[in-house]
Amino acid sequence: MPESSRMPKQLTIISGKGGTGKTTFTAAFAQLTENKVMADCDVDAADLHLVLAPEIQKTAPFYGSRTPVVDLERCTRCGICTQVCRFDAIHGGVLNLFACDHCALCMHACPENIITMEESHSGDWFISNTRFGPMVHARLGIAEENSGKLVTVVRKEALNLAKEQGAEWVIIDGPPGIGCPVTAALTGVTRVLIITEPTLSGIHDMERVLSLTTHFNIPAQVCVNKYDIHPDNTRRIESYCRQKGIEIVGKIPFDRGVIEAMVSGKTVMEADVPGVAPAVRQVWERVIGDW
Amino acid sequence: MDTPITITIASGKGGTGKTLVATSLVLSLPEGVQYLDCDVEAPNAHIFLQPQWEEELKTGLVVPRVEAAVCTACGECNRVCEFKAIVVIVDKVLVFDELCHGCGACSYICPSDAITEIEKAIGIIRKGRARNGIRFLQGLLNIGEPMATPIIRRLKKEAATNARITLRDAPPGTSCPVIESVEGSDFTILVTEPTPFGLNDLKLAVGMGRELHVPMGVIINRADAGDDRVHRYCGKEGLPILLEIPLKREIAQGYADGQTLIDILPEYRDRFQGVFARIQEEVRHAGK
Ligand code: SF4
Ligand code: SF4
């Protein structure tokens, strides 16, 4: 067997627009897929743990970027750091952490050599057990940057774990948007499932996410959540996808039971939400089940 | 009259109705408010406010280009770049534009002056007039570009300084692009929903707002759809609840069509005016 066929397959679930039900799906997929490792790559607003209730087995620190530290006692207030910094982040040796890009130019430019760059502990990542198997997740410190880098760490750890355990799939809950963390959650995956909703905003953001997967040449499938709140918009999504040759793997009805399941920490499968649970199972079958 | 005010509308969790709130609020205010759509990865406010675009400009980063004839392959640029965006392999210098932050460290350090910088477009800024005379600015990240923050920074620079009221529609989450959007505003509205996800992400957003020392208030969307955990949390943390919006099919459908709350249920105009008055009061209070 060639090496690559033993590699675990990776599925990323994203949506472009937040709140379309991405995490609800990921949690249901966690339950339905037998041999897998879960990865919560929405590190900015990680929610998957609220449904999967992980028991943490291992915690490791995440160092996102280095931050300048100025020895103010020796600072002559020459103003060179202020001059060179392109992010308007340092004034007479005093740093505005939220503006700082962590580029270290001030350190290199300081004629007194009193600026050092220090590693900052900007979050943690975890390996956990859940009732559906192993999960890798993370917590980014408050107002920390570099979520893209943390996504990469979570994915790498999940993939290693999957290889170790001979798991067939890594299932990744991706972040919203199309920027750095999303790119990090998408590169090199086997396929992408895009969860959208039949609102003009949902359609707009789905189109942007589809351009991104096309840009990176990653096979994508679309699922329309709450399709019955606006049948016309659902038809627009269907015809758009048909035109672009994108497969629609399912349509899920709206049901308040989905929110109730979330409130009680259950997947939609566990809560057996009428209409929703069977539809999600069908989507799963088309995405993963008969791979 | 009152001093100029900048309000950012944010939400830890995506899809809680942040843009619905922001666009409804702006339509409840007097004419001529400035609206910045800072959700440059997935901007949606234009769907609700229908701006006529008047101007479009490219925005970008400056990235290094190395003159091979002058370069001695000393490796200094490679050494100083914090982002591994410029790499020297044997006698060649490779620049990875997608990793570059445009910080200028490499050109600053290069002892042979072999590095010049070129402007690389990563997105666009659009300006126009929307419904109700709104001065509307939108940032849009190009597909495949990773860095949203420089576009938001530029969007803030392009904003008119003489506007009496500016609303910023922030991206979801709590990371760099959100911080850039919230930075420098007088007040932040956090839109959430009364579910475990909503509460979890609200807590993260509140943590971020506190770090940035910006006064905050909460709007609860789909207020009757979950439980009372968000209410309890707000009570405990002393966060004012500015407004509650129920889960209603007519709202969901109107929103799906690109309508604001003011279009769907006109009585919300008064409520949002109330929200604005309350915010003015909170800001005045925080200023003391
Ligand atoms: S590290 Fe870079 S961005 Fe931060 S203060 Fe120094 S020069 Fe400015
Ligand atoms: S400009 Fe800064 S980030 Fe870009 S290559 Fe040079 S040192 Fe690296």
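In chain A, the C-alpha centres of domain 1 and domain 2 lie 40 Å apart. The bounds of these domains come from an automatic or database domain assignment. Domain 1 of chain A covers 9-53 + 131-289, and domain 2 of chain A covers 64-121.

A word on the ground rules. This is a predicted model, where local features need pLDDT of at least 70, side-chain atom pairs count only at pLDDT 80 or more, and totals for chains, interfaces and linings use all residues. Residues are numbered from 1 along each chain as its sequence is written, chains are lettered from A and ligands numbered from 1 in the order in which they are written, and side-chain values use heavy atoms, with hydrogens and water left out.

Back to chain A. How many residues of domain 1 are in contact with domain 2? Five residues of domain 1 of chain A touch seven residues of domain 2 of chain A. Contact here means heavy atoms within 4.5 Å. The two domains of chain A bury about 380 Å² between them, with 34% of it on carbon and sulfur atoms. That buried area is the accessible area (1.4 Å probe) that two parts lose on being put together, summed over both. On the domain 1 side of chain A, the touching residues are one nonpolar, one polar and three charged. Gly counts as polar in this scheme, while Asp, Glu, Lys and Arg count as charged, Ala, Val, Leu, Ile, Met, Phe, Trp, Tyr, Cys and Pro as nonpolar, and the others as polar.

Salt bridges next. The rule asks for a side-chain nitrogen of Lys or Arg within 4 Å of a carboxyl oxygen of Asp or Glu. Across the domain interface of chain A, it finds zero.

Now chain B. Domain 1 of chain B is 5-59 + 123-286, and domain 2 of chain B is 61-121. Their C-alpha centres lie 38 Å apart. Eight residues of domain 1 of chain B are in contact with eight residues of domain 2 of chain B. The area buried between these domains of chain B is about 550 Å², and carbon and sulfur atoms give 61% of that. Which residues of domain 1 of chain B lose the most area to domain 2 of chain B? They are B:T59, B:E145 and B:M147, together 59% of what that side buries.

One of those residues comes back. The interface of the two domains in chain B has one salt bridge. B:K120 and B:E145 form a salt bridge through their side chains, at 3.3 Å, N to O. By class, the touching side of domain 1 of chain B has three nonpolar, three polar and two charged residues.
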